[in-house]
Amino acid sequence: AQESNGPWYSFVLKSSVPASTLERSIRQIISSVDPDCMVSGVGDVPTNLANSVSTPLIPILTTFAVAGLAIAMIGLYSVMNQFTLQRRRDIGVRMALGANYRHVILLMLGQGGRFLTVGIVIGTAGSYAVLFALRNAMPEMPALGLGLQLLIGLTLGAVGLVACYLPSRRAARL
């Protein structure tokens, strides 16, 4: 038995018999101990877990996921922008030595793209590892689809490439 916020108790009974056949016996035993005690939520663990992780959490989790993606996009843009801005002198020297505007932009996008690819691969692997751990702890939790993972990776990749392109374009025009 475990007491939670108030005079409520939760009991978990392990049995090979279905919960529906034990419900009447459980209610009788508890009422014989305390007639004023109310019994509710009798059922098996998967059903109770599915009811507790159901619909009310989905909008909250979605809000946190979108906020997390927005924060990741802002952070990624800032890091990639700073990475490109640090190379401004290099870009200026290349342009002074006669480098083509297009080649300089492609060079910066290629270097930034390599960083982004490594980051997206590591991030995707990490998200699948966390998802695997959560699915083992909560089997009723819905899994993210491959399409959603692909969309997140493409979004972050596009933000990173834009963050490389804009400062390198400004630096190449100097």
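## F83 and the aromatic pair

F83 is buried, because its relative accessibility is 18%; buried means under 20% relative accessible area, exposed over 50%, and partly exposed in between, with a 1.4 Å probe and protein chains only. The model is predicted: local features need pLDDT of at least 70, side-chain atom pairs count only at pLDDT 80 or more, and totals for chains, interfaces and linings use all residues. Residues are numbered from 1 along each chain as its sequence is written, and side-chain values use heavy atoms, with hydrogens and water left out.

The structure holds one aromatic pair. F83 and F115 form this pair, which is edge-to-face, with 5.0 Å centre to centre and 85 degrees between the planes. F83 lies in helix 3 and F115 in helix 5, so the pair ties together parts that are 32 residues apart in sequence. Rings of Phe, Tyr and Trp (its six-membered ring) pair if their centres lie within 6.5 Å; planes under 30 degrees apart count as stacked, over 60 as edge-to-face and the rest as tilted.

## Helix 3

Helix 3 covers residues 57-85, which makes 29 residues. At 1.5 Å a residue the helix should span 42 Å, and its end C-alpha atoms are 42 Å apart, which agrees. The expected span is 1.5 Å times one less than the number of residues.

The buried residues of helix 3 are L76, M80, N81, F83 and T84. They pack against helix 4 (88-96), helix 5 (101-137) and helix 6 (146-173), where contact means heavy atoms within 4.5 Å.

L57 also lies in helix 3. L57 counts as partly exposed because its relative accessibility is 34%. Together with I60, L61 and F64, L57 forms a nonpolar patch on the surface, with about 400 Å² of accessible area together. Patches are made of residues with over 30% relative accessible area and no salt bridge; like charges are joined within 9 Å, and nonpolar side chains (Val, Leu, Ile, Met, Phe, Trp, Tyr) within 5 Å.

## Salt bridges

There are three salt bridges in the structure. A salt bridge is a side-chain nitrogen of Lys or Arg within 4 Å of a carboxyl oxygen of Asp or Glu. R27 is bridged to E23, with the closest N and O atoms 2.9 Å apart. R27 and E23 are four residues apart in helix 1 (residues 19-33), so about one helical turn separates them. R27 is partly exposed at 33% relative accessibility, and E23 is partly exposed at 27%.

D90 takes part in a salt bridge with R87, the closest N and O atoms being 2.2 Å apart, and in another with R94, at 3.3 Å. Salt bridges that share partners join R87, D90 and R94 into one network. D90 and R94 both lie in helix 4, four residues apart, about one turn of the helix. R87 counts as buried at 19% relative accessibility, whereas D90 at 26% is partly exposed. R94 is partly exposed as well, at 35%.

## The whole protein

The protein has six helices and two strands, and from the N terminus on its elements run β-β-α-α-α-α-α-α. Helices (H or I, at least four residues) and strands (E, at least two) are DSSP runs, numbered from the N terminus.

Of the 174 residues, 17% are buried. Among contacts between residues at least 6 apart in sequence, 67% join residues at least 24 apart. The protein exposes about 12600 Å², and carbon and sulfur atoms supply 67% of it. Accessible areas come from the Shrake-Rupley method with a 1.4 Å probe; for residues, only the protein chains shown count as cover.
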